[in-house]
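Dear colleague,

I am passing on a structure to you, and below it you will find an account of what came out of going through it. Please read the notes with the coordinates open beside them.

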Amino acid sequence: MKLRKRKPIGKRAVKYIEKLYAMYAKRLFFVAKSYVKDTELAEDILQTVFERALKYPDSILKVPEEEITYFLMAMIKNTAYALLKKEKQNAHQALTYDDGSEGDHIEDPNDDYIQLIDLQALKETLNKLPQQQKDLLIFRYVYGFKCKEISDMFQVSERSIKSRCSIARKNLRSLLEKDGNV
């Protein structure tokens, strides 16, 4: 793999980005928080935006001074939407009973077939799968890797990964049904 060399960030660019942070951080934080409704996520979004500004200082230096607020707001908005989309893709909700206590079950609103699963039974059933299928399901559904990323890791075609994921899901489903957990 060939790494691209970046030219070093100049002191002028760093000072300018620090000045922008000092001027706009509080306001950008509240904008991010209005999108994600979570203080920690809003802080992460703000940090990500300024990390990108430091990675690509030329793009922020080209923005006219009177438009910098809109530019930073757009970066916050896009980063927040990307984060919310990623969170939605990994939306697994804990089962909460009427009395407020949480159970050892997980509810997956994106999968009609798996609505309520005992986590311990799922772990035990995953361990019954062949190691390759188990690894594939963990990379795909626990860590959230895309099939393309997994194919790059294992140096196998993306089509093979999709096929293997399908087979692994079918095997997991049949094992869960066999054990009476679905």
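**What was found**

The accessible surface of the chain comes to about 13200 Å², and 52% of that area belongs to carbon and sulfur atoms. Please keep in mind throughout that this is a predicted model. Of the 182 residues in the chain, 29% count as buried. The chain has 8 helices and 3 strands, and from the N terminus on its elements follow the order α-α-α-α-β-β-β-α-α-α-α. Among contacts between residues at least 6 apart in sequence, 53% join residues at least 24 apart.

**The cores**

The largest nonpolar core has 24 residues, of which Ile68, Leu72 and Ile76 touch the most other members. Two or more residues of this core are given by each of helix H1 (11-36), helix H2 (39-55) and helix H4 (68-89), and the largest share, 10 residues, comes from H1. Apart from this core lies another one, of 8 residues, which includes Leu122, Leu129, Leu175 and Leu176.

Not counting residues up to four places away in sequence, Ile17 touches Phe50, Ala53, Leu54, Pro57 and Ile60. With one of these, Leu54, the separation along the sequence is 37 residues, while the distance in space is 7.3 Å from C-alpha to C-alpha.

**H2 against H4**

The axes of H2 and H4 come within 9 Å and cross at roughly 125°, an angle that makes H2 oblique to H4. The crossing in which H2 passes H4 is right-handed. On the H2 side the residues that meet H4 are Leu41, Ile45, Leu46, Thr48, Val49 and Arg52, and their counterparts in H4 are Leu72, Met75, Ile76, Thr79, Ala80, Leu83 and Glu87.

How do the axes of helix H6 and helix H7 cross? For H6 (residues 131-142) and H7 (residues 147-154), the axes come within 10 Å and cross at roughly 140°, and that makes H6 oblique to H7. H6 passes H7 in a right-handed crossing, and the contact is made by Leu136, Phe139 and Arg140 of H6 together with Cys147, Ile150, Met153 and Phe154 of H7.

With helix H8 (residues 158-178), the axis of H6 comes within 9 Å and crosses at roughly 105°, and H6 and H8 are therefore roughly perpendicular to each other. The contact is made on the H6 side by Gln132, Gln133, Leu136, Leu137, Arg140 and Tyr141, and on the H8 side by Ile161, Arg164, Cys165, Ile167, Ala168, Arg169, Asn171 and Leu172.

Two residues of this pairing can be described in more detail. Gln133, placed in helix H6, counts as buried at 15% relative accessibility, and, not counting residues up to four places away in sequence, Gln133 touches Ile167, Ala168 and Asn171. Arg164, placed in helix H8, counts as partly exposed at 32% relative accessibility. Leaving aside neighbours within four places in sequence, Arg164 is in contact with Gln132, Leu136 and Val156, and the C-alpha atoms of Arg164 and Leu137, which are 27 residues apart along the chain, are separated by 9.3 Å.

**A backbone detail**

Lys37, however, has a phi near 60°, a positive value in a residue other than glycine. Lys37 is found in the loop between H1 and H2, and at 67% relative accessibility Lys37 counts as exposed.

With best regards

Key. Residues numbered from 1 in each chain as written. Predicted model: local features only at pLDDT ≥ 70, side-chain atom pairs only at ≥ 80, totals over all residues. Heavy atoms only, no water. Core = buried A, V, L, I, M, F, W, Y, C linked by side-chain atoms within 4.5 Å. Buried < 20%, exposed > 50% of the residue type's maximum accessible area, 1.4 Å probe, protein only. Helix = DSSP H or I, 4+ residues; strand = E, 2+ residues; numbered from the N terminus. Contact = heavy atoms within 4.5 Å. Areas by Shrake-Rupley, 256 points an atom, 1.4 Å probe, with all protein chains shown as cover. Axes fitted to C-alpha atoms, helices over the stretch in contact; angles between N-to-C directions. Parallel < 35°, antiparallel > 145°, perpendicular 65-115°, else oblique. Left-handed = near helix turned anticlockwise from the far one by under 90°.
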